[in-house]
2 protein chains.
Amino acid sequence: MSGKVKMVTMRDVAQASGFSPATVSIVLNNAPLARYIAPATKKRIEDAAKKLGYRPNAMARFLRSRRSQTVGVMIFDITDPFCTPVLRGIENALYQSSYVPIFADAHNQRTRFERYLEMLLEHHVEALIVVANWLFVDIQLLADLSKRNITAATIGWEVPGDSVSSVMVDNEAGGRLALEHLYHLGHRKIAAIRGPKMLIDSGPRWKGIQKFAHSVGLEIDPSLVVQLPDELEANSGFEGGYRFTEELLERKKKFTAVLAFDDLTAFGAIRALTKAGVKVPEQCSVVGFDDVPLSALAAPSLTTVRQPLEAMGNMAVNLVVEGIKAGLEKRDWSISRHKMTPELVIRDSTRAMLTAADD
Amino acid sequence: MSGKVKMVTMRDVAQASGFSPATVSIVLNNAPLARYIAPATKKRIEDAAKKLGYRPNAMARFLRSRRSQTVGVMIFDITDPFCTPVLRGIENALYQSSYVPIFADAHNQRTRFERYLEMLLEHHVEALIVVANWLFVDIQLLADLSKRNITAATIGWEVPGDSVSSVMVDNEAGGRLALEHLYHLGHRKIAAIRGPKMLIDSGPRWKGIQKFAHSVGLEIDPSLVVQLPDELEANSGFEGGYRFTEELLERKKKFTAVLAFDDLTAFGAIRALTKAGVKVPEQCSVVGFDDVPLSALAAPSLTTVRQPLEAMGNMAVNLVVEGIKAGLEKRDWSISRHKMTPELVIRDSTRAMLTAADD
DNA sequence: TGTCTGACTTGAAACGATTCAAATTGACGG
DNA sequence: CCGTCAATTTGAATCGTTTCAAGTCAGACA
């Protein structure tokens with residue numbers, strides 16, 4: 001149908017401008033040597049390039065310069081609403097740095113993770129960013145990357161050793177914020193749905209809660225505490241929240257607030273409460289964690305502890321870009337672990353206790 | 001830190017196995033010529049490759065064979081919940097075909113779209129898939145792609161001309177399903193929030209509604225119909241739904257159901273109704289369109305017309321993969337336009353009219 | 001013995017860019 | 001008129017694969 005358009009190569013630009021390919025390369029890339037090129041020459045070359053519609057061939061460029069302008073972005077499950085803002089943050093920061101993201105979604109499966117890793121390596125990504133929030137697969141493989149001089153960063157997870165940078169929220173501070181909020185609203189009988197043991201976030205988040213409770217002399221009734229099981233189903237948070245809230249209700253112990261492990265869990269809890277005829281927030285407050293996008297839209301909108309997801313994506317990119325630069329300049333460089341500060345977002349799912357209440 | 005690991009090239013495999021690079025290439029790619037290679041040779045080469053941990057260099061391969069194993073995926077706004085399932089569908093299908101997606105998010109901005117297009121071309125993607133649901137940017141540029149022999153497909157939008165395939169939902173059928181449902185529940189005073197004029201979906205969806213109304217002799221009161229403005233804000237659907245429902249309520253005309261343009265609009269409507277003290281679904285039913293992931297989780301969960309989003313992503317990939325194949329074999333090939341059938345998903349935001357009602 | 005078949009393998013030329021060491025040029029001081 | 005120097009520009013090698021036309025070689029056949 002269409003007459004195959006011949007690709008415009010650097011040769012063509014050289015011919016058109018009357019200089020050699022070497023010069024063209026130097027000018028168009030603004031290489032160090034460009035300092036010595038006469039301004040008139042530069043102009044002629046640039047004009048020729050524009051007129052011909054020259055577009056550098058990223059592949060050919062890589063072959064010589066070892067730079068693919070490409071970064072692997074491995075998401076463990078794009079279906080999880082947590083991931084979208086993070087991805088946005090990553091994408092945006094990469095765009096600023098003129099890198100192009102190669103997208104991989106592991107679907108929470110180890111084999112898929114491995115195969116994608118393989119593919120990313122074949123495509124010679126200059127760095128790898130892994131978003132691994134709700135994840136039950138070990139990612140030790142990442143440690144090997146540093147051997148190949150590929151900088152890597154994880155978001156929402158940490159890899160032991162000193163070869164992978166990471167960006168996480170300060171879970172302990174977040175846990176504290178959540179309980180503090182309920183406490184100040186006057187709640188004392190507080191149920192809690194803890195995160196699965198295997199999740200890295202669960203521990204610190206709970207610790208923050210306990211610390212605050214202790215600091216104000218609040219006792220958390222163990223019979224009002226449940227823990228999500230280790231599962232890797234998508235949306236298992238919602239299901240879990242629903243099921244365990246039902247269980248809490250069946251125990252017939254009174255509570256006026258629920259501290260959910262994350263937003264999805266919170267939605268599950270709200271659903272269970274509503275179904276049981278308990279009005280949120282009138283009769284029971286619920287607070288989540290993460291502030292995934294739908295939390296603002298849901299009815300009632302969710303009070304939650306916000307992770308700065310987009311900023312975390314940004315941060316991870318900045319880290320690996322620094323790593324890439326260091327590698328190029330053969331500078332020393334060491335990984336870093338970032339803890340971002342969470343923020344309480346107050347919406348409609350929590351409410352102050354009526355004066356009548358307490359004990 | 002780490003001792004730079006030398007890359008294993010095909011040369012190394014050749015040396016190790018005692019054959020020439022040419023033979024190695026033929027064997028490892030299972031090229032046509034492999035028919036003539038002795039089985040013993042194949043085995044030795046494959047063993048050597050495995051032992052050395054050989055990994056083909058995608059870039060070098062491209063340079064010669066013109067195959068990048070790469071497909072561009074341009075999303076107009078990943079923040080829109082509509083996009084996630086589509087992306088999942090695309091990713092999954094590409095993975096099956098051993099293509100790697102290069103991810104681009106236009107943020108609904110023309111300049112960004114153009115720049116990304118440029119970058120994708122530099123990376124020599126073999127095809128391009130564009131997800132463009134809530135989009136106010138013209139994508140005529142896509143037509144140029146066919147000149148470069150790059151097959152393209154759009155999801156949720158159509159490009160005039162015969163150079164770009166497309167996958168859309170059958171909006172007219174969907175509109176019909178929505179109204180039909182409300183009608184069968186006994187609703188007669190139905191408010192409608194139409195989509196923005198510039199959106200390609202708005203027209204057909206409304207047409208489906210009107211056709212059904214006409215077929216059962218239902219009159220849709222024009223004073224109960226509003227139309228969303230042309231805006232490109234993220235979540236403008238939610239805002240719009242909220243604002244226009246408030247407006248409808250102010251008009252003091254009674255209605256028992258709302259036909260929202262899409263799910264986000266529906267959530268906005270529900271929020272406005274709830275705020276005004278109108279209970280959903282007890283006093284007013286609301287039906288959406290799309291079935292974005294959060295529709296199942298929200299409270300009340302949303303009755304909606306489902307677009308098979310993941311399948312649409314799949315479909316688009318199949319189309320472009322066929323296009324790529326045809327191009328390689330120099331076969332003729334022409335684009336196609338697919339209309340997927342929508343499906344009514346009944347959840348908790350709609351309810352049958354009480355007998356007392358009507359007129 | 002010489003030639004002819006297959007049946008396998010391979011040499012060498014691309015592909016499009018980058019990178020230095022080296023070439024060219026013109027001017028200038030001696 | 002020559003040597004030197006600074007200011008520009010370039011030749012040619014190289015990156016790792018793929019691709020055919022062409023090579024090798026053992027045995028079969030005349």
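**Entry 1. Proline loops**

I started at P300(B), which sits in the loop between α12 (294-297) and β10 of chain B. The model is predicted, so I noted the limits: local features need pLDDT of at least 70, side-chain atom pairs count only at pLDDT 80 or more, and totals for chains, interfaces and linings use all residues. Residues are numbered from 1 along each chain as its sequence is written, chains are lettered from A and ligands numbered from 1 in the order written, and side-chain values use heavy atoms, with hydrogens and water left out.

The peptide bond from A299(B) to P300(B) is cis, with omega near -5 degrees. I then looked at chain A, where a cis bond joins A299(A) and P300(A) and omega is about -5 degrees. P300(A) lies in the loop between α12 (294-297) and β10 of chain A.

Most residues other than glycine have a negative phi, and most peptide bonds are trans.

H107(B) has a positive phi of about 50 degrees, though it is not a glycine. I found H107(B) in the loop between β2 (100-105) and α6 of chain B. Is H107(B) buried or exposed? H107(B) is buried, at a relative accessible area of 14%. For this term, buried is under 20% relative accessible area, exposed is over 50% and partly exposed is in between, with a 1.4 Å probe and protein chains only.

H124(B) has a phi near 55 degrees, again a positive value in a residue other than glycine. H124(B) is placed in the loop between α6 and β3 (127-131) of chain B. H124(B) is buried, with a relative accessible area of 18%.

**Entry 2. Strands of chain B**

I followed the strands from β6(B) onward. Strand β6 (residues 190-194) of chain B is mostly covered, with four of its five residues buried. Two strands pair if DSSP finds at least two bridges between them. β6(B) runs parallel to strand β7 (residues 225-227) of chain B, and three bridges join them. A192(B) has V225(B) as its bridge partner in β7(B). The chain crosses from β6(B) through helix α9 (residues 202-216) of chain B to β7(B), and this β-α-β crossover is right-handed. Right-handed means that, with the strands pointing away from the viewer, the path from the first strand over the helix to the second runs clockwise.

β6(B) is also parallel to β8(B), again over three bridges. The partner of A192(B) in β8(B) is L259(B).

Strand β8 (residues 257-259) of chain B pairs in the parallel sense with β9(B) over three bridges.

Six of the six residues of strand β9 (residues 285-290) of chain B are buried, so β9(B) is largely enclosed by the rest of the structure. β9(B) runs parallel to strand β10 (residues 303-306) of chain B, with four bridges between them. F289(B) is bridged to V305(B) in β10(B).

**Entry 3. Sheet of chain A**

In chain A I read an open sheet of six strands in the order β7-β6-β8-β9-β10-β12, with mixed pairing. The edge strands are β7 (225-227) and β12 (343-345) of chain A, each pairing on one side only. Neighbouring strands are turned by 20 degrees against each other on average, direction ignored. Angles here run from 0 to 180 degrees between N-to-C directions, and axes are lines fitted to C-alpha atoms, for helices over the stretch in contact.

Strand β9 (residues 285-290) and strand β10 (residues 303-306) of chain A pair in the parallel sense over four bridges. D290(A) has R306(A) as its bridge partner in β10(A).

**Entry 4. Helix contact between chains**

I looked at helix α5 (residues 83-96) of chain A and helix α6 (residues 110-122) of chain B, which pack at an angle of about 70 degrees with their axes 12 Å apart. That makes α5(A) roughly perpendicular to α6(B), a label for 65 to 115 degrees, while under 35 is roughly parallel, over 145 roughly antiparallel and the rest oblique. Contact means heavy atoms within 4.5 Å. E91(A), N92(A) and Y95(A) of α5(A) meet T111(B), R112(B), R115(B), Y116(B) and M119(B) of α6(B).

Note on methods:
Helix = DSSP H or I, 4+ residues; strand = E, 2+ residues; numbered from the N terminus.
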